[in-house]
Amino acid sequence: MKFNQLVTSIGLTVSTVLFVSNSAQAANFTTNINQKTDAKKDILLESIQQKDQTITQFSFVNKAVINKNTPRTKDANSGAASTDSGDKATTPVITKEDPDAVEIAKFLGNSNLNNIIDGEDTGSFNINVFFDSLIKEDNSGLDSLFFWERGMNSDLMVQAIDSTGNIIGNAITLLRKQQQDAGFKIDTKEIGKSQEVGSWGVSLAQLGVTSLSGIQLSATSKFNGPDFKVIARKSSVKTVPEPGTVIGLGSVAALAFVRRRKSNKAISQ
Ligand SMILES: [Ca+2]
Ligand SMILES: [Ca+2]
Ligand SMILES: [Ca+2]
Ligand SMILES: [Ca+2]
């Protein structure tokens with residue numbers, strides 16, 4: 001193998017390793033909350049850790065538009081999206097089976113992970129939610145949207161929207177089997193005992209956009225009624241790097257150096 005071929009080969013290996021590393025980490029994050037001893041009380045998001053960075057600045061839902069939400073009938077498990085909270089949690093307004101858009105925005109628009117939208121299995125919903133600031137792409141390598149789902153047993157479809165509510169980019173379906181254990185449980189009014197909470201992290205790249213004003217959230221009866229919260233990472237806010245954790249790829253760094261010498265431009269972009 002000639003030197004050039006060797007370098008190219010090493011370069012491809014490094015790219016592959018870094019790519020796999022990025023995609024594997026993309027959805028993983030740690031949820032830091034005020035307490036996890038009482039699943040019925042307020043569970044307040046304090047920070048998120050991802051890729052050794054701590055995120056403390058968030059953008060919250062401040063408006064919702066209901067495009068579709070199957071109404072509830074006499075059957076308690078009918079309908080689709082409702083507002084739900086921990087049995088002993090505080091709420092912005094009372095929980096309802098057929099909430100209006102303002103109530104949905106209020107339950108999503110705070111840091112209380114025990115204020116959620118509870119979805120039923122039988123109906124379907126399609127709801128636009130807007131964040132209190134524009135969510136923009138940056139070079140942090142961090143996800144921009146963080147979701148939690150009670151029960152780790154439901155799916156949720158997500159697509160970016162612009163400021164007027166038009167869908168942009170591509171829709172993605174967050175699958176129950178892709179959830180990461182968020183490390184805490186909640187016990188809400190709609191369930192009799194506590195359930196594990198799972199999480200998904202989503203980047204703007206996954207949604208095929210470089211910025212978004214909000215997201216369209218939808219579920220059909222096949223999604224097993226997602227029971228969720230979503231909070232966005234505020235853009236243009238510095239995250240706090242933790243010392244001594246600069247990618248655990250020391251051995252790869254040497255190879256990357258070889259590659260950098262080979263094609264300085266490509267690497268420095
Ligand atoms: Ca419900
Ligand atoms: Ca669920
Ligand atoms: Ca309960
Ligand atoms: Ca449900």
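Predicted model: local features only at pLDDT ≥ 70, side-chain atom pairs only at ≥ 80, totals over all residues.

Q: How many bridges join strand β12 to β13, and in which sense do they run?

A: Strand β12 (residues 180–186) and β13 are joined by four bridges and run antiparallel. Pairing needs at least two bridges found by DSSP, so the two strands count as paired. Within this pairing, D181 is opposite G198 in β13.

Q: Why is β13 described as largely enclosed by the rest of the structure?

A: Strand β13 covers residues 195–202, and six of its eight residues are buried, so the description is that it is largely enclosed. For the protein chain as a whole, 38% of the 269 residues count as buried.

Q: Why does F223 count as buried?

A: The cut-off is 20 or more other C-beta atoms within 10 Å. F223 has 21 such neighbours, so it counts as buried. This residue sits in the loop between β14 and β15 (227–233).

Q: Which residues is F223 in contact with, leaving aside neighbours within four places in sequence?

A: They are S154, D155 and L156. Another part of the chain to look at is S124: its C-alpha atom is 8.8 Å from that of F223, although the two are 99 residues apart along the chain.

Q: How do you know that β5 and β8 pair?

A: Seven bridges connect β5 (residues 61–69) with β8 (residues 125–136) in the antiparallel sense. With a requirement of at least two, the strands are therefore paired. K63 is opposite F130 in β8.

Q: What joins β8 to β14?

A: Eight bridges do, and the strands run antiparallel; β14 spans residues 211–219. F125 faces A219 of β14 across this pairing.

Q: In what order do the five strands of the open sheet lie?

A: The order is β5-β8-β14-β10-β11, with antiparallel pairing.

Q: What makes β5 and β11 the edge strands?

A: Each of β5 and β11 (167–174) pairs on one side only. From one strand to the next, the twist averages 20 degrees.

Q: Which helix lies across β5 and β8?

A: That is α2 (residues 101–108), running at about 130 degrees to β5. The protein chain has four helices and 16 strands in its secondary structure.

Q: What makes V129 and F147 stand out in the largest nonpolar core?

A: Of the 49 residues there, these two touch the most other members. Strand β8 gives the most to this core, with six residues. Setting aside residues up to four places away in sequence, V129 touches V61, A64, A105, L108, G214, I215 and L217.

Q: What share of the contacts in the protein chain between residues at least 6 apart in sequence join residues at least 24 apart?

A: The share is 75%.

Key:
Residues numbered from 1 in each chain as written. Chains lettered and ligands numbered in written order. Core = buried A, V, L, I, M, F, W, Y, C linked by C-beta atoms within 7 Å. Buried ≥ 20, exposed ≤ 12 C-beta atoms within 10 Å, placed from the backbone. Contact = placed C-beta atoms within 7 Å. Axes fitted to C-alpha atoms, helices over the stretch in contact; angles between N-to-C directions.
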